[in-house]
Structure formats: C-alpha cells, structure tokens
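Visitor: I would like to go through the labels used for this structure and ask what stands behind each of them.
Guide: Then we take the terms as they come up.

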Amino acid sequence: CERDSTFKGQNSLMFKWNNTNRSFHQYEKLKQQFPSHDSKQELELIRNSRTYHVVNLFCTRDHNHKAMIIFRVTDDSIIKVGQFPSIASQSLPDLKKYRAVLNNEKFKELKRAIGLYSHDVGVGAFVYLRRIFEDLINEAHQQAQASSDWSDEGFLDNRVTDKIASLRSFLPPFLVEHRSMYGILSKGVHELSEQDCLEAFPAVQMGIELILDQKLEALKRKDKEEKARRAISMLSEKLNK
C-alpha cells in the first residue's frame, strides 16, 4: 500500500545451508541430533555451520503485506545478510514527493543511488548523489541568469563552493549552509573506499533530502501565494463592483 506501517512478528525459522547440494534444510532437523537438548552441543553446531535465522513479519494494517529479515549466525555474532522488501523498495514511497522538484532523469538517479547503496555499492551511489547536487547548482545558475542584476563574469572559473556562495539567493538555505557536502561527495567518488562511502551515505542522503524538502516547501509556498493572490484579487473585484 506504500504507506508507513507497523509490522508484527509472525514466526521465525532457523535454517542450515548445505554446501553439498546448495539447498536449505529446516533447523529443526538438525536439532534432532540432540534428543537431550544439549544446548552446548547445539550452539557448537550453529557456530560450525552456515546457519541462518529468518524473521517473518506482517503488516498490522493488512496481513497480506509481509516482510522478511535474514540473519546469519556466526561464531559470536548475528549479522543481517538480507531483507525483503529491499531498502530501495521501502524508500521509494518516501521519494515520490521529490518528483515535484526533480526532473525525470534526476529522480531516477536518486532511486538508483539508494538502490546501489542497498547492494553495498558505495562509490557508485556517491556518483549519483553528486550529479543531483550539481544539477541543483546548475538549475540555480539558470534562474540567476534570468535575473536582471546577475553577472556571469568570473562565475564559471570559480570553485563549486564559491559558486554556491554566489547563488545563495537562488538555492535552498541548507545547501548554502552545508556546501561542504560537495567536497564530501567528490572525495567519495575519487578517494574513499567502498566501505567509507557506505558508512557516509546515510548522512549525505539525509542532506540531499533536506535540500529537496526545502525546495518542496518553497514550491508549495509559491503555489499557495499565487492562489491567495488570485482569490484576493477576485474578492476585491467582486466587493468593489
């Protein structure tokens, strides 16, 4: 239904991955080896095999909407190794609102960035976020060029951070305040490792979304002002007849 919801645990299963035939076997079959329920031996079996714990969930609004989270049980840890729906799929409903401030190509790139991140491709995800960031600056530059008091002299030779400072009147405040984001994105593309990019991605994604949120707010305010202007004009004309 693409709405925020609460999910409740349905049941959970333990599986062992059989390396011989590459098939899953229910963990209950493994436990039959220990009729006395020797917990120490059972734990040793888990540690010495590729054992997975599957958590099944269902939406409390509609029980037909289900989710699954898979953990791998290792020596002394539990590692999340998969989920359904994917992180990218879960993020899509929240991203749809940005269609109003991103063209079709950039909206696809935003989805692609999150999709790559969900598949542990950090550098590639940074590339697409940087393209979106650059497009926001280019869009502001085009708006500035339409202004009568704008001059392009020296602008194209400036560093990106200086360009942002020059365009502060045409850019969302958060972008202007945190223009160092461009340096972070560029460093991710050219210098940082995949792991570094993956660790940094959530913070940078949040920054991009905050910038887009401010653009949305400005668009809604402009639309509301225009509607109010027309309504007041019509009312004034009606009352002054």
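Guide: Buried means under 20% relative accessible area, exposed means over 50%, and partly exposed is in between, with a 1.4 Å probe and protein chains only. The model is predicted, so local features need pLDDT of at least 70 and side-chain atom pairs count only at pLDDT 80 or more, while totals for chains, interfaces and linings use all residues. Residues are numbered from 1 along each chain as its sequence is written, and side-chain values use heavy atoms, with hydrogens and water left out.

Visitor: Why is Gln142 called exposed?
Guide: Gln142 has a relative accessibility of 54%, and the cut-off for exposed is over 50%. Gln142 therefore counts as exposed.

Visitor: Where is Gln142 placed?
Guide: Gln142 is in helix 5, residues 122-145. Helices are DSSP runs (H or I, at least four residues), numbered from the N terminus. The C-alpha atom of Gln142 is 9.5 Å from that of Phe170, which is 28 residues away along the chain.

Visitor: What makes the pair Arg130 and Glu134 a salt bridge?
Guide: The term asks for a side-chain nitrogen of Lys or Arg within 4 Å of a carboxyl oxygen of Asp or Glu. For Arg130 and Glu134 the N to O distance is 3.8 Å, so the pair meets the definition. The two residues are four apart in helix 5, and are therefore separated by about one helical turn.

Visitor: Is Arg130 buried or exposed?
Guide: Arg130 is buried, because its relative accessibility is 18%. Glu134, at 25%, is partly exposed.

Visitor: How do you know that Asp162 and Arg159 form a salt bridge?
Guide: Their closest N and O atoms are 3.4 Å apart, and the limit is 4 Å. Arg159 counts as exposed because its relative accessibility is 58%; Asp162, at 31%, is partly exposed.

Visitor: How many salt bridges does a search of the whole structure find?
Guide: The search finds 10. Another pair is Glu226 and Arg230, with the closest N and O atoms 3.5 Å apart. Both lie in helix 9 (residues 194-239), four residues apart, about one turn of the helix. Glu226 has 34% relative accessibility and is partly exposed, as is Arg230 with 45%. Elsewhere, salt bridges that share partners join Glu105, Lys106, Glu109 and Arg131 into one network.

Visitor: Why is Lys106 called buried?
Guide: Its relative accessibility is 8%, and the cut-off for buried is under 20%, so Lys106 counts as buried. Lys106 is placed in helix 4.

Visitor: What makes the link between the side chains of Lys106 and Glu109 a polar contact?
Guide: A polar contact is a pair of N or O atoms within 3.5 Å; within protein, one must be able to donate a hydrogen and the other to accept it, and residues adjacent in sequence count only if both atoms are side-chain atoms. The contact joining the side chains of Lys106 and Glu109 is 3.1 Å.
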